[in-house]
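Visitor: I would like to go through this model by question and answer. Please show the sequence and structure before we start.

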Protein chains: 2
Amino acid sequence: MKSQKIPEATIIRLSVYSRYLKQLEKNGLITVSSGTIAEGVDGSPAQVRKDLAYFGEFGTRGVGYNVSDLNRYITKILGIDNKWNVIIVGAGNLGSALSQYKGFDERGFNVLALFDNDPEIVGKKAGKIPVFSAPRMTSFIKENNVEIGIIAVPAPFAQDIVDEMVGAGIKAILNFAPRVISVPDYVELRNVDLAVNMEVLTFNMTFQK
Amino acid sequence: MKSQKIPEATIIRLSVYSRYLKQLEKNGLITVSSGTIAEGVDGSPAQVRKDLAYFGEFGTRGVGYNVSDLNRYITKILGIDNKWNVIIVGAGNLGSALSQYKGFDERGFNVLALFDNDPEIVGKKAGKIPVFSAPRMTSFIKENNVEIGIIAVPAPFAQDIVDEMVGAGIKAILNFAPRVISVPDYVELRNVDLAVNMEVLTFNMTFQK
């Protein structure tokens, strides 16, 4: 299976399917058709089947998929069948909001700490998450087996912090700073530029219509 | 041009090119090659040329692109050559952080107000942005020509607020609630699930490696 590159859009949809399956499981549903999944996530049944087919044979013709088995398998594919330790650098508005984002905890991402340079906020907490001083970051990453770092600092500081994270052993970075960041090949990087999302909307509203 | 569907990935890259071009313009650069753009955004020159080719002929062979002309044109394509009025519903941590996100203002998105149900925060401000009570939303949208709504409420409330926004005349919605939302065909919708971004990382770290 590993020889075939899975499209990122498929991964994003798997993540959405998994949320919907969890909801169905909570409602006591045992089996589900690709049609029902498609309806629940505003997709097409053919797309659901195609996305799942990347990972092998699922379901029984005419019966459908077992809800909890399928969700367990997708969760494993996504790598969230176990927990991940996460830190956030930048304890401003965005960093604080991210540290308390319920969706992370629900999906197995443990935000252990925030880091910041501002003496006004170091030593305080954002909700239940402690804010430590930036120079403590490297030792904290090593001592707590932190694998994922989130960048929520202003753009000019982002690359320096990324370099420090990588040096400390971080394996994946989610970057919210609106700046192109470089990482070595063995580190996973994903950029979330919130204004880019807005621009996809305005493009569709103006150009594509 | 409108007959050809532009891939979303192209729009996202245009948005990134535009930020980089703005930076080059600030640095006083007059012309730029596709190679330099590619280097600045961690892409390939062929990809840059292909993305731009969707929109016509740019640049002069052997000379490159005029930085400010190209950025002005991309800005127009993205629909951000003029300003957009935006409201955010949900003035919790995430909504407050979004209302103060500098990247919105810089790219022409005016966040005019937050709306919430919590009497503890209605009437206050998040930074400079006022928080109004939720029942005022519909009249505010109509009176202030608000075209884009951001959803930052807990998942169970999201669809009701979206329906109210659509009824009030909102044309595009950026949804941060981890819930599948339905809108009529004439309304643009984009979902930002922050945990999905984390799951693309963990998938790449575990399955794809």
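Visitor: Is Phe115(A) buried or exposed?
Guide: This is a predicted model, and the answer rests on computed accessibility. The cut-off for a buried residue is under 20% relative accessible area. Phe115(A) has a relative accessibility of 0%, so it counts as buried.

Visitor: How many aromatic pairs does the structure hold over all chains, and what kind is the pair of Tyr101(A) and Phe104(A)?
Guide: Over all chains the total is 14 aromatic pairs. In one of them, Tyr101(A) and Phe104(A) have ring centres 4.9 Å apart and planes at 75 degrees. Both Tyr101(A) and Phe104(A) are buried. Planes over 60 degrees apart count as edge-to-face, and the pair of Tyr101(A) and Phe104(A) is edge-to-face.

Visitor: Phe115(A) and Phe132(A) also form an aromatic pair; how many residues apart in sequence are the parts that it ties together?
Guide: The pair is tilted, at 5.9 Å centre to centre and 55 degrees between the planes. Phe115(A) belongs to strand S4 (residues 109-116) of chain A and Phe132(A) to strand S6 (residues 129-133) of chain A, so the pair links parts that are 17 residues apart in sequence.

Visitor: Which residue has its charged end over the ring of Phe132(A)?
Guide: In chain B, Arg136(B) lies over the face of Phe132(B), 4.2 Å from the ring centre. In chain A, the charged end over the ring of Phe132(A) is 4.3 Å from its centre and belongs to Arg136(A).

Visitor: Within what arc do the buried residues of H2(B) fall?
Guide: Helix H2 (residues 34-41) of chain B has as its buried residues Ser34(B), Ile37(B), Ala38(B), Gly40(B) and Val41(B). They line one face of the helix, because seen down the axis of H2(B) they fall within an arc of 165 degrees.

Visitor: What is included in the cover over the buried residues of H2(B)?
Guide: Strands S1 (31-32) and S2 (65-66) of chain B are among the covering elements. The cover also includes, from chain B, helices H1 (8-26), H3 (45-53) and H4 (67-77).

Visitor: About how much area do chain A and chain B bury between them?
Guide: The contact involves 67 residues of chain A and 67 residues of chain B. Of the area buried between the two chains, 68% is on carbon and sulfur atoms, and the total is about 5900 Å².

Visitor: With which residue does the side chain of Glu199(A) meet in a salt bridge?
Guide: Between chain A and chain B the count is six salt bridges. For Glu199(A), the N to O distance is 3.5 Å and the partner is Arg19(B).

Notes
Residues numbered from 1 in each chain as written. Chains lettered and ligands numbered in written order. Predicted model: local features only at pLDDT ≥ 70, side-chain atom pairs only at ≥ 80, totals over all residues. Heavy atoms only, no water. Phe/Tyr/Trp six-rings, centres within 6.5 Å; stacked < 30°, edge-to-face > 60°. Buried < 20%, exposed > 50% of the residue type's maximum accessible area, 1.4 Å probe, protein only. Helix = DSSP H or I, 4+ residues; strand = E, 2+ residues; numbered from the N terminus. Lys NZ or Arg CZ within 6 Å of the ring centre and 35° of its normal. Arc of directions from axis to C-beta. Contact = heavy atoms within 4.5 Å. Buried area = accessible area lost by both parts, 1.4 Å probe. Salt bridge = Lys/Arg side-chain N within 4 Å of Asp/Glu carboxyl O.
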